[in-house]
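Here's a two-chain model to pick apart, one "how do you know" at a time.

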Amino acid sequence: MCLKHDISTLKKMTVAERKAEAMRQLKESFDLAERSGTLRLRKAKAG
Amino acid sequence: MPSYLSKSFLEFPHGALTAHRFDFRIEQHDFVMLFSEVIVNDPDYHAYRSEEVGFSIPPACYDVKFDRLENFNSGNFYAPPPAELRSRKRRFADELAEALETIIRLHHKAYRARAYFAIAETEKLKRFYDRVLQHPPRDVIYEVNIALGEGGRGYVLKTRYFNPEKNDSCRA
């Protein structure tokens, strides 16, 4: 998957819209990784 | 005190790069925190993002976002919690700040991030960030730039990996 950023569209968005769109793309990537078994772990202990 | 639900960063492909997820809980609220590296090999996008922050963004710089897990799962991003579950307690905000700092510290250590970028989409979140960033963890963050971008809602946290020659002089 290749993320394409349309700069003119981004510039028309409000801060909230941009942030929600970025989160939507992240969720899409996460869900796809879960389904396709491509999630990986990097150890990080928070106590 | 925050509970850290994740013991590891969950890594997942996001475009040509990898994004990272870490979950935590404060009181009865579960949160997800996400780190996505800023794309630097798309010239137009890189120029756009660099102009916003005022410097040419190098690799290993991350956009940071967090939301309630319920919103992330439902796709209703950044929706406020139901009125009966909202916390106005200063303690809640302090614990949220503690969790964000702890997870950024872990992420910085694991991935040697050079900078973190955040945007406050609401006035409430901007007030929260402005307060928290008055005292950033100096062993991780050596420079904080605020009031960037549209509406002055953008934040840049440069880490000790951003400019290694300043590393020693900028530790607390």
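Q: What does B:Met33 touch, not counting residues up to four places away in sequence?
A: B:Met33 touches B:Phe22, B:Phe24, B:Phe66 and B:Ile103. Contact here is a geometric call: two C-beta atoms, placed from the backbone, lie within 7 Å. One caveat on all of this: it's a predicted model, where local features need pLDDT of at least 70, side-chain atom pairs count only at pLDDT 80 or more, and totals for chains, interfaces and linings use all residues. As for labels, residues are numbered from 1 along each chain as its sequence is written, while chains are lettered from A and ligands numbered from 1 in the order in which they are written.

Q: What makes the largest nonpolar core a core, and which residues have the most contacts inside it?
A: A nonpolar core is a set of buried Ala, Val, Leu, Ile, Met, Phe, Trp, Tyr and Cys residues joined through C-beta atoms within 7 Å. Buried means 20 or more other C-beta atoms within 10 Å of the residue's own, again placed from the backbone; 12 or fewer is exposed, and in between is partly exposed. The largest such set has 45 residues, and B:Met33, B:Ile103, B:Ala115, B:Tyr116 and B:Phe117 have the most contacts inside it. Helix 3 (residues 90–111) of chain B brings the largest share, 6 residues. In soluble globular proteins, nonpolar side chains tend to be buried together.

Q: How do you know which strands pair with strand 5 of chain B?
A: Two strands pair if DSSP finds at least two bridges between them. Strand 4 (residues 29–37) of chain B passes with 7 bridges, antiparallel to strand 5. Strand 6 (residues 115–119) of chain B passes too, running parallel with 3 bridges. For landmarks, B:Ser36 sits opposite B:Asp63, and B:Cys61 has B:Ala115 as its bridge partner.

Q: What joins strand 1 of chain A to strand 2 of chain B?
A: There are 4 bridges between strand 1 of chain A and strand 2 (residues 8–14) of chain B, and the two run antiparallel. A:Arg40 stands opposite B:Glu11 in that strand of chain B.

Q: How many residues does each chain put into the contact, and what are those of chain A like?
A: Chain A puts in 27 residues and chain B 36. On the chain A side, helix 2 gives the most, with 12 residues. That side divides into 17 nonpolar, 3 polar and 7 charged, where Ala, Val, Leu, Ile, Met, Phe, Trp, Tyr, Cys and Pro count as nonpolar, Asp, Glu, Lys and Arg as charged, and the others, Gly among them, as polar.

Q: Why is A:Thr38 called partly exposed?
A: A:Thr38 has 13 other C-beta atoms within 10 Å, so it falls in the partly exposed range. It lies in the loop between helix 2 (15–36) and strand 1 (40–43) of chain A. Beyond four places in sequence, A:Thr38 contacts A:Ala33, B:Phe12 and B:Pro13.

Q: What makes B:Ala60 stand out in its backbone?
A: B:Ala60 has a positive phi of about 65 degrees without being a glycine. Most residues other than glycine have a negative phi. B:Ala60 is in the loop between helix 1 (43–53) and strand 5 of chain B, and its 16 other C-beta atoms within 10 Å make it partly exposed.

Q: Why is chain B called as compact as a globular protein of its length?
A: The elements of chain B come to 5 helices and 8 strands. Its radius of gyration (over C-alpha atoms) is 16 Å, close to the 16 Å that the globule rule gives for 172 residues, so chain B is as compact as a globular protein of that length. The rule is 2.2 Å times the number of residues to the power 0.38.

Q: How confident is the predictor in chain B and in the complex?
A: pLDDT, the predictor's confidence in each residue from 0 to 100, has a mean of 89 in chain B, with 94% of residues at 70 or more. Over residues 168–172 of chain B the pLDDT is below 50. Where pLDDT is low, the predicted coordinates should not be read in detail. The complex gets an ipTM of 0.88 and a pTM of 0.90.
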